[in-house]
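Student: I would like to learn how to read a model residue by residue and then chain by chain. Could you walk me through it?

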Amino acid sequence: MYRPPIRSTAALTTSLVLLAGLVACSSAPSSSAGAPAGSGQVTLTVGDRPSSSDPANRASFDKKVADFQKANPDIKLNPVETIWDATTFQAQAAGGQLPAVLNVPFTEPQGMIARKQVADLTKVLKDDGLLDELNPNVLKIAQDQSGNVFAVPTAAYSIGLIYNRDLFKKAGLDPDKPPATWDEVRAAAKTITQKTGQAGYAQMTTNNTGGWMFTTQTYAFGGSIENEDGSKATFDDAPSKAALQLLHDMKWTDKSMGQAVLYDMDGISKAFAAGKIGMYMAAPDQYRTLVQTNGLKSSAFGIGPMPQQGGDHGTLSGGSVQIVSPNATDAEKAAAIKWIKFCYLNKYVNQDAAVTSAKNGVAAKLPVGTPGLPVVNADQWSTYQGWIKPYVNVPLENFAPYTKVAADQKIIPEPPVKAQEVYAALDPVVQAVLGNPKADIPALLTTAAGTVNAKLGR
Amino acid sequence: MLFALPVLLVFLVFSWGPIVKGLVMSVQQTNLIDPVKWVGLENFRYVLSDPAVGQASLNTLWFTLLALLFGFPVPVLLAMFLSELRGRSWFYSMLAYLPVITPPVVAILLWRFFYDPSPSGMFNTILGHVGLGPYLWLDSPSSAMPSIVLEATWAGAGNAVIIYLAALTSVRPDLYEAAELDGAGVVRRVWHVMLPHLRSVLLLMLLLQVIGTMQLFTEPLLFTGGGPQGSTMTILLLIYNYAFVNGDYGAATALSVLLALALAVLSAVFQLATRGWSTE
C-alpha cells in the first residue's frame with residue numbers, strides 16, 4: 001500500500017507535472033512538415049512506418065517510400081514510426097511533433113475536427129480529383145457539419161456480430177446462419193449457454209467501449225444518441241430502453257452472458273479466442289486480432305451482419321482514416337494527398353499495386369482480403385476484389401453471412417459531438433444493467449442524458 | 001550556491017515550471033495548437049458541476065480509508081515478525097520485497113487473471129475448495145475497490161517492510177534483553193519497545209501513504225477502467241480521462257489544482273495535529 005517516498009513527494013504534483021510538462025515545450029510549435037523556403041522541394045514527415053520487429057512490412061513500406069520519391073522528385077519523405085495513440089497524440093499535437101500524415105481510427109476524426117487538431121483537406125482533395133473517387137457514405141466519418149473534409153478514409157468496416165462457429169455447432173445451431181435479429185441473438189445465446197456452459201453472448205463495457213457498443217446497439221434498434229447538430233442527447237427513448245432491457249433479460253433471466261461484466265476490446269478478444277464467448281459485436285477486421293494474436297482457429301471464426309430489431313435500421317462503422325497535420329502548408333497538404341493515394345489507395349485503382357500489396361501480405365503471413373466496406377466507389381471496389389482473388393488467405397466463406405448483407409446495410413456515423421465523452425457517460429449505464437438485476441433502466445438513461453447534455457453545452 | 005545551481009535548474013525546468021504552467025492552464029481553454037482562450041474560473045465551475053467528480057472523490061476517499069485500515073498495518077506487522085526471526089530474516093525480507101520488483105502492469109494483468117469472476121477463475125477455484133464463493137471480485141461495484149486494495153497491498157507492502165525493518169534494527173539489542181529479563185512476552189515487547197521506536201517513522205509513512213493512495217491511478221486504469229458503474233473511478237483517472245481521452249486540458253488541470261490544494265490542506269492539518277506525537 002505504501003508508495004516509495006520519492007514517488008509520493010513528487011506525486012503530490014504529479015497531475016500538474018504530467019499535464020504541463022507535456023506542453024511546456026509547446027510555446028514555439030514548429031511544423032514537422034516544414035519545407036525549405038524558396039526551393040520547390042517539399043519535405044513530408046509521414047507516420048506509420050512499421051517497426052523493425054516487423055521486417056516484412058517495414059521493407060514493403062520503405063519500398064513504397066522510395067518508389068514514391070522516384071515518381072515525385074519534388075517531394076522528399078521522412079518516414080517515422082509514430083502511430084496514433086490516444087495519450088501521445090495530444091502531446092505530439094501540443095509539441096508540434098505530429099507527422100504530416102498519420103493513420104487514425106474512425107472513432108477519432110470528429111473529436112479532432114472539433115478541437116481543430118487536423119488540417120482541412122477539402123480544397124486539395126477537390127483540386128486533386130480524389131474527392132470524387134471516394135465512397136461518399138464512408139467519407140461522412142471525416143466531414144464536419146458543413147461538409148468540409150478533414151481526413152481520407154483508407155479502410156472501412158461496419159460493425160457486425162462475430163460468433164464462434166465451433167460453439168454454434170456444439171449447441172446444435174447452424175453456423176452458416178447467424179442471428180439476424182436481436183430476438184434471435186437472445187435465443188441463440190440461451191441455447192449456447194445451455195448446451196455448452198459458455199457465455200452465449202458478451203459485450204464490451206469499459207474504457208468507453210461500453211458506450212460505443214451501446215451506440216451500435218441503439219442504432220440497430222432504430223434509435224439515436226444525439227440530435228442532428230449534436231446539441232442534445234436523444235438516447236433517453238424507447239429504442240435505447242429496449243436494447244438495455246434485452247441485455248438485462250439475457251443476463252438475468254436467461255443467464256446467457258456469463259459472470260464477467262468488465263470487458264474492453266483486448267479482454268473480450270482473449271475470452272472469445274479462448275472459446276468462452278459465443279457471440280459479440282465487432283468489426284470483421286477483428287479477424288487478425290482473434291486468429292493471429294490470440295490463436296483462435298480460423299475455422300471457428302464466423303461473422304454475420306449487425307442484427308436488427310423491428311426494421312432495417314443500420315449499424316455503426318469502423319476503420320481507419322489518414323489525417324494531415326494542422327500545421328501543414330497548402331503545398332504540404334497537396335503532397336500529403338499524393339502520398340496517401342500512393343501508399344494507401346493505389347492498390348484499389350492499380351492492378352500492379354493491388355497484386356504487389358497482396359503478395360507482400362501473404363509473404364508476411366498477414367490476412368489478405370478481409371472483407372470490409374469499400375472506401376472507393378462500388379465498381380472500382382469489385383474490380384479490386386478480382387485482382388487480389390488468387391492471394392486471399394482468409395476463409396471468405398466464414399465471412400459470407402456478413403458480406404452478403406453488409407454492403408447494403410446502412411452505416412450510421414458516430415455521434416457528431418464529443419463522442420468519447422458521451423461514450424464515457426454511457427459505460428456505467430451498460431455496466432449497471434449487466435451488474436445489477438434491479439437496475440432501473442429509464443432512470444439510468446435519464447441521468448446519463450443529463451450528464452451528456454451538460455457536456456454538450458460546454 | 002554555485003553547486004546548488006544545477007539542482008535548482010532541474011527543479012525549475014522539470015518541476016516548478018510545469019506546476020506554474022498547470023496553474024495557468026487551469027484558467028485557460030486550449031487545444032494546444034490554437035492561441036489559448038482565458039476563461040477565468042469556468043474550468044473550475046465545470047469540474048465542480050460534473051457529477052463524476054463527486055463520485056470520484058468519494059471513491060478515492062473510500063480507497064484511502066480501506067488502504068489505511070488494511071494496507072497500513074500489514075507491513076508493520078510483517079516487519080515486526082521478520083525482526084523477531086533471527087537468522088534467516090533476509091530470506092523472508094526478500095520474499096516480502098519481490099512483489100515490488102514485479103512491474104505494476106505485469107502484476108495487475110496477472111491479478112486480473114486471478115480475479116476471473118467465473119466459477120473456474122483461479123481465486124474462485126481455490127476458495128471453492130473450502131466452500132466459499134464464487135465471488136465477482138472486480139466485476140461487482142461493492143467488491144471492486146476492496147479487490148484493488150488487496151492487490152495494492154500485496155504490491156506495495158514490501159517497500160514499507162524494508163523501511164520499518166531498518167528502523168527496528170536501530171533498536172539497541174539490550175532493550176530487548178532487558179525486557180525479556182523483566183519477563184515481557186512478545187506482545188509487551190512489541191508494545192513497549194518496538195512501537196515507541198517506530199513512532200516517528202510510522203507517522204511519516206502514514207502521511208505519505210495517504211498522499212500516495214489519494215493518487216490511485218494505475219490499478220483502476222488497468223483493472224476496471226473506472227467501472228463497474230464508476231465504482232473505481234478515482235480522481236487521478238478522471239484527470240487522465242479529461243486530458244487524454246476528451247482532450248480537455250482546462251478541466252484536467254483545474255481538477256489537478258483542486259486535488260493538490262486538498263492534499264496540501266490535508267498535509268498541513270496532519271502536521272499540526274501530530275506535532276507533539278513524534279517527539280518523545
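Tutor: Gladly, and let us begin with exposure. A residue is buried if 20 or more other C-beta atoms lie within 10 Å of its own, exposed if 12 or fewer, and partly exposed in between, with C-beta atoms placed from the backbone. Glu228(A) has 10 other C-beta atoms within 10 Å, so Glu228(A) is exposed. Before going on, note that this is a predicted model, in which local features need pLDDT of at least 70, side-chain atom pairs count only at pLDDT 80 or more, and totals for chains, interfaces and linings use all residues. Residues are numbered from 1 along each chain as its sequence is written, while chains are lettered from A and ligands numbered from 1 in the order in which they are written.

Student: Where does Glu228(A) lie?

Tutor: Glu228(A) is in the loop between α11 and α12 (238-253) of chain A. Helices (H or I, at least four residues) and strands (E, at least two) are DSSP runs, numbered from the N terminus. The C-alpha atom of Glu228(A) is separated by 8.6 Å from that of Pro415(A), although the two residues are 187 residues apart along the chain.

Student: What should I look for in the backbone angles?

Tutor: Most residues other than glycine have a negative phi, and most peptide bonds are trans. Asp48(A) is not a glycine, yet it has a positive phi of about 70 degrees. Asp48(A) sits in the loop between β1 (42-46) and α3 (55-71) of chain A. Asn207(A), also not a glycine, has a positive phi of about 50 degrees, and its place is the loop between β6 (199-201) and α11 (209-220) of chain A.

Student: Why do Asp48(A) and Asn207(A) count as buried?

Tutor: Asp48(A) counts as buried because it has 20 C-beta neighbours inside 10 Å. For Asn207(A) the count is 25 C-beta neighbours inside 10 Å, so Asn207(A) is buried too.

Student: Which residues does a cis peptide bond join in chain B?

Tutor: Gly227(B) and Pro228(B) are joined by a cis peptide bond, with omega about -15 degrees. Pro228(B) belongs to the loop between α11 (218-223) and α12 of chain B.

Student: How do I read a strand and its partners?

Tutor: Two strands pair if DSSP finds at least two bridges between them. Take strand β5 (residues 160-164) of chain A: 5 of its 5 residues are buried, so it is largely enclosed by the rest of the structure. β5(A) pairs with strand β7 (residues 277-282) of chain A in the antiparallel sense over 4 bridges, and there Gly160(A) has Ala282(A) as its bridge partner. β5(A) also pairs with strand β8 (residues 301-304) of chain A, again antiparallel and over 4 bridges; Leu161(A) is bridged to Gly304(A) in β8(A).

Student: How is chain A divided into domains?

Tutor: Domain bounds come from an automatic or database domain assignment. Chain A has domain 1 (38-157 + 318-391) and domain 2 (160-316 + 404-456). Taken over C-alpha atoms, the centres of these domains are 30 Å apart. Two residues are in contact if their C-beta atoms, placed from the backbone, lie within 7 Å. By that rule, 15 residues of domain 1 of chain A touch 14 residues of domain 2 of chain A. Helix α5 (residues 109-114) of chain A gives the largest share of the domain 1 side, 3 residues.

Student: What about chain B as a whole?

Tutor: Chain B has 13 helices and 2 strands. Its C-alpha trace spans about 75 × 65 × 35 Å along the principal axes, and 38% of its 280 residues count as buried.

Student: How many residues of chain B are in contact with chain A?

Tutor: There are 60 residues of chain B in contact with 50 residues of chain A. On the chain B side, α1(B) gives the most, with 8 residues.

Student: How can I check the geometry of α1(B)?

Tutor: The expected span of a helix is 1.5 Å times one less than its number of residues. The 21 residues of α1(B) should therefore span 30 Å, and its end C-alpha atoms are 28 Å apart, which agrees. A bend at a residue is the angle between axes fitted to the seven residues ending there and the seven starting there; α1(B) bends by about 45 degrees at Leu12(B). The buried residues of α1(B) are Pro18(B), Lys21(B), Gly22(B) and Met25(B).
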